[in-house]
Amino acid sequence: MSITYKSIGLVMIAGALLLAEDSSLSAERIRAHTRFLASDLLEGRGVGQRGGDLATEYIATQFALAGAKPAGDGQTFFQKVPLIGLDAQPASQLSASSAGMNVDFRWGDDFVGADLTQRPSGNFEGGVVFVGHGITAPEYRWDDYKGVDVSGKILLMFTNEPPSQDATFFDGPALTYYGRWTYKYEEGLRRGARAVILIHTTPTAGYGWDVVRSSWSRETPYVKLEPGAKALSLAGWMTHDAAQRLVALAGRNVDDLLDAAEKPGFRPVDLNILLRAAMVQKVRQIDSRNVAALVPGSDPKVSGQTVVFSAHWDHLGIGTPVNGDAIYNGAIDNATGCAILMELARAWAALRQKPRRSALFLSVTAEEGGLKGSEYYAAHPLVPLEKTVIDLNYDAIYPFGRAKDVVITGAGKTPFWPLVQQIAARLNLAISPDSQPGQGYYFRSDHFSFAHVGIPAFSIGHATEFAGKPAGYGQTMWQEYNARHYHQPSDEFQPDWNFTALQQAAQFGFLLGQEIANR
Ligand SMILES: [Zn+2]
């Protein structure tokens, strides 16, 4: 049973005017935007592809029609995002030697990786040091590096975290950022390492080698390095078997190293192995863009402060055909989020009484390539980060009817948690926990680029329970979507979809953003 707008009005301090306007958020407009962005004409909204350019033009046009102000470069709705596409080639090779013995490793079968210095080819060599999980986490009193100088070294490590000692150690079953492979590369680079190679095991990674291999076997966009910026000469992964052959040169074995890495007294192990790398990759400049529109706040004292709403516009574009279909439409991922974003901008710009603080509507590029558009935004913000109050992100909302709950992982760690709870209660939405905290979903959409630079940020996610459906319906549909349609050409618009849940998700963000903007 959902609460009616009238009954919300009784409890809302801001009164009926605000309410009447907010209630104009329309499921049907969200449907129309989703349908257009997910149509075959948009060709899957690939980064560096025509469909992506069309999508960004459409979103900018909608922002303009809404009456929002251009917030991008030079009075436009666009922020240029210079990306470099890296596509590592099978000709890339690694070979290791120690005490007169030699082992070679083949691209794809044994290892994958990219040269993040963004060169087409490069050779280097270095000593291999095993650094456990590669984590320095003072708040959990864990340090795999123990102050050992690893500059110029090739670091070998496991992904994930040491196993939980108790419910608070590395947040118990939830994956912390220390467990993410992206952290491992960042920390290695901070310490001056030449390369970081992660040892793959299915339990520590959470997925099989085929997933690692296929995701590193296609072009991936990276934010173009600034002149003089440092980067890893190899950020990669190695199979368990290949890593076993590598460490066997030092008379070690992978499983013993993992055991050792799980103990707090662990210290880096210099394996006395020399690794030589010859990396070959296709390098392509991709000029992409974020779309940004502003609705200025009404109170000059605080209008410099800004609430950000975000949703990535990109999907996988035209790719390998599946059942004769090469267009990866990305209807749910993330035409739905963009549709909500445009509807939010329209409703916000239409408010007769604007909130005191400003609102920025930001549709970012290259999320599918690893949050690169939002990473670029966080490094080149259009509103100063210290004036950015929160980022509310939308990524893949399920159009399966009327939601009874909402998943908002990470909201509990922001100062807005009490307000979040109040608004959920007002909308009669239960707050459901992340059903797979070990998968680290919090780190896998664009709000995280904001959180990473210290801004309260989370995604307003999909529902797990729907009105009139069996218990756990959202979870069932989620599993089905993940198994059959996620990142497949079959993530297509369906005429029988019911967009009520998207209107609810929009309303949740709208009320939350408005309350924050008015405080
Ligand atoms: Zn997405």
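Entry 1. I began with α10 and α15, whose crossing is right-handed; a crossing is called right-handed if the near helix is turned clockwise from the far one by less than a right angle, and left-handed if anticlockwise. I note that this is a predicted model, in which local features need pLDDT of at least 70, side-chain atom pairs count only at pLDDT 80 or more, and totals for chains, interfaces and linings use all residues. Residues are numbered from 1 along each chain as its sequence is written. Helices (H or I, at least four residues) and strands (E, at least two) are DSSP runs, numbered from the N terminus.

Entry 2. I looked up the geometry of this pair: α10 and α15 (residues 500-518) pack at about 50°, and their axes are 10 Å apart. Axes are lines fitted to C-alpha atoms, for helices over the stretch in contact, and angles run from 0 to 180 degrees between N-to-C directions. α10 and α15 are therefore oblique to each other. The classes are roughly parallel under 35 degrees, roughly antiparallel over 145, roughly perpendicular from 65 to 115, and oblique for the rest.

Entry 3. Which residues of α10 and α15 meet? I find T336, A339, I340, E343, L344 and A347 in α10 against L502, A505, A506, G509 and F510 in α15. Contact here requires C-beta atoms, placed from the backbone, to lie within 7 Å. By class, the contact of α10 with α15 has eight nonpolar, two polar and one charged residues. Nonpolar covers Ala, Val, Leu, Ile, Met, Phe, Trp, Tyr, Cys and Pro; charged covers Asp, Glu, Lys and Arg; the others, Gly among them, are polar.

Entry 4. I then checked α10 (residues 331-349) against α4 (residues 50-66), and found an angle of about 15° with the axes 8 Å apart. α4 and α10 are therefore roughly parallel to each other. The contact uses I59, Q62, F63 and A66 of α4, and C338, M342, A345, R346 and A349 of α10. I sorted the residues of this contact into seven nonpolar, one polar and one charged. α4 passes α10 in a right-handed crossing.

Entry 5. D333 and N334 are joined by a cis peptide bond, with omega about 5°, and N334 lies in α10. N272, which is not a glycine, has a positive phi of about 50° and sits in strand β13 (residues 269-295). Most residues other than glycine have a negative phi, and most peptide bonds are trans.

Entry 6. I turned to the domains, whose bounds come from an automatic or database domain assignment. Domain 1 is 5-67 + 296-518 and domain 2 is 86-283. Their centres, taken over C-alpha atoms, are 34 Å apart. Twelve residues of domain 1 contact eleven of domain 2. The domain 1 side of this contact has five nonpolar, five polar and two charged residues.

Definitions and conventions
Contact = placed C-beta atoms within 7 Å.
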